[in-house]
Amino acid sequence: METWLLVDSGTCDFAFNMALDEALLEFAPQLNAPVLRFYAWQQQAASFGYSQRISEIEGVTALRPLVRRPTGGGLVPHDADWTYSIVIPPVHSWYGLRAVASYEQAHCWIRDAFARVEIPTELAPCCRKETPGQCFAGYEQFDVLWLGRKIAGAAQRRTKTGLLIQGSIQPPPPGVLRTAWQSAMCETAKAEWDAEWHERELFSELRDRAAMLAETKYSRDEHNRRR
């Protein structure tokens with residue numbers, strides 16, 4: 001069996017949500033196992049890619065606050081979605097995958113988990129651009145489609161400490177409980193990769209680092225309005 005860590009951080013504010021993902025990426029070598037994190041948002045918000053311009057984002061969504069993610073990608077509204085992140089340490093095989101391959105693998109996982117709750121989805125075979133810069137307007141290759149519409153997208157960041165994938169399901173298909181989908185994610189990983197799940201609490205050093213990043217980076221205009 002392969003050890004995987006499960007973190008359910010519950011409902012957090014916008015800055016801490018992004019800060020905790022960055023902290024998990026920094027601590028990935030110390031954790032030494034893949035991490036699946038589920039989380040929710042205290043208030044409506046929107047996140048946008050690390051390289052996007054804030055002036056372009058402000059004009060296409062009324063959601064506030066706006067927070068710059070540590071990953072790339074486009075604008076993602078967080079008003080009714082389910083969010084998750086995957087953190088892979090450098091010692092794991094996923095870390096060596098090319099970006100397109102790790103993106104596809106993450107979304108195969110999402111697709112197979114939805115199949116377990118009897119929601120048939122598929123991976124997009126190619127791209128369909130509708131509104132540039134908005135993650136859920138149109139779709140990219142390997143995004144998850146339900147009834148021809150994108151419901152799952154993700155963005156990545158790879159550093160010397162690990163690989164971070166941040167994903168969103170939106171809007172979730174009607175009739176599916178969030179808890180059922182989260183359980184299906186764990187069951188899918190166990191069936192496909194022989195994952196042995198260990199629920200992990202946030203130890204003090206990790207939580208303190210996330211709190212510091214939230215206060216000094218993700219809650220501040222110097223970061224969110226830097227471009």
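**Burial, pairing and aromatic contacts**

Trainee: What makes helix 1 count as largely enclosed by the rest of the structure?

Mentor: Twelve of the 13 residues of helix 1 are buried, so the helix is largely enclosed by the rest of the structure. Buried here means under 20% relative accessible area. The model is a predicted one. Among the buried residues of helix 1 are Phe14, Phe16, Met18, Asp21, Glu22 and Leu25.

Trainee: How does the reach of helix 1 compare with the expected value?

Mentor: From its first C-alpha to its last, helix 1 reaches 19 Å, close to the 18 Å expected at 1.5 Å a residue for its 13 residues.

Trainee: Why is Glu26 called partly exposed?

Mentor: Glu26 belongs to helix 1. The class partly exposed lies between the buried limit of 20% and the exposed limit of 50%. Glu26 has 30% relative accessibility, and therefore counts as partly exposed.

Trainee: With which residues is Glu26 in contact, leaving aside its neighbours within four places in sequence?

Mentor: With those neighbours left aside, Glu26 is in contact with Thr161, Arg209 and Leu213. As for Trp4, Glu26 is 22 residues away from it in sequence and 17 Å away in space, C-alpha to C-alpha.

Trainee: Which residues of helix 6 are buried?

Mentor: Helix 6 (residues 204-218) has the buried residues Leu206, Ala210, Leu213, Ala214 and Tyr218. Viewed down the axis of helix 6, these buried residues fall within an arc of 100°, so they line one face of the helix. On the other side of helix 6, Ser204, Asp208 and Glu215 are exposed. The cover over the buried residues of helix 6 includes helix 1, strand 4 and helix 7.

Trainee: What is the reach of helix 6 from its first C-alpha to its last?

Mentor: Helix 6 has 15 residues and reaches 20 Å, close to the 21 Å expected at 1.5 Å a residue.

Trainee: What makes strand 12 mostly covered?

Mentor: Strand 12 (residues 162-169) has eight residues, and eight of the eight are buried. From strand 12, Gly162, Leu164, Gln166 and Ser168 point one way, while Leu163, Ile165, Gly167 and Ile169 point the other way, and all are buried.

Trainee: In what sense does strand 12 pair with strand 6, and over how many bridges?

Mentor: Strand 6 (residues 82-88) and strand 12 pair in the antiparallel sense over seven bridges.

Trainee: How many residues lie between strand 11 and strand 12 in their hairpin?

Mentor: The hairpin of strand 11 and strand 12 has two residues between its strands. Strand 11 (residues 149-159) pairs with strand 12 in the antiparallel sense over eight bridges. Ala152 has Ile169 of strand 12 as its bridge partner.

Trainee: Why are strand 4 and strand 5 called edge strands?

Mentor: Three strands form an open sheet in the order 4-3-5, with mixed pairing. Strand 4 and strand 5 (76-78) each pair on one side only, which makes them the edge strands. From one strand to the next, the twist averages 25°. Strand 3 (residues 45-48) runs parallel to strand 4, and three bridges join them. In one of these, Ala46 is partnered with Leu66 of strand 4.

Trainee: Why is the aromatic pair of Trp4 and Trp109 called edge-to-face?

Mentor: The ring centres of Trp4 and Trp109 are 5.4 Å apart, with 85° between the planes. Rings pair if their centres lie within 6.5 Å, and planes over 60 degrees apart count as edge-to-face. Both conditions hold, and therefore the pair is edge-to-face. Trp4 lies in strand 1 and Trp109 in helix 4, so the pair ties together parts that are 105 residues apart in sequence.

Trainee: Are Trp4 and Trp109 buried or exposed?

Mentor: Trp4 is buried, with a relative accessible area of 0%. Trp109 is likewise buried, at 0%. Ring pairs link Trp4, Trp94, Trp109, Trp193 and Trp197 into a cluster. A search of the whole structure finds 13 aromatic pairs.

Trainee: How do you know whether Thr121 is buried or exposed?

Mentor: The relative accessible area of Thr121 is 15%, under the limit of 20%, and therefore Thr121 is buried. Thr121 is found in the loop between helix 4 and strand 7. Leaving aside its neighbours within four places in sequence, Thr121 has contacts that include Arg111, Phe114, Trp146 and Ile151.

Definitions and conventions: Residues numbered from 1 in each chain as written. Predicted model: local features only at pLDDT ≥ 70, side-chain atom pairs only at ≥ 80, totals over all residues. Heavy atoms only, no water. Buried < 20%, exposed > 50% of the residue type's maximum accessible area, 1.4 Å probe, protein only. Helix = DSSP H or I, 4+ residues; strand = E, 2+ residues; numbered from the N terminus. Pairing = 2+ DSSP bridges. Expected span 1.5 Å × (residues − 1). Arc of directions from axis to C-beta. Contact = heavy atoms within 4.5 Å. Axes fitted to C-alpha atoms, helices over the stretch in contact; angles between N-to-C directions. Phe/Tyr/Trp six-rings, centres within 6.5 Å; stacked < 30°, edge-to-face > 60°.
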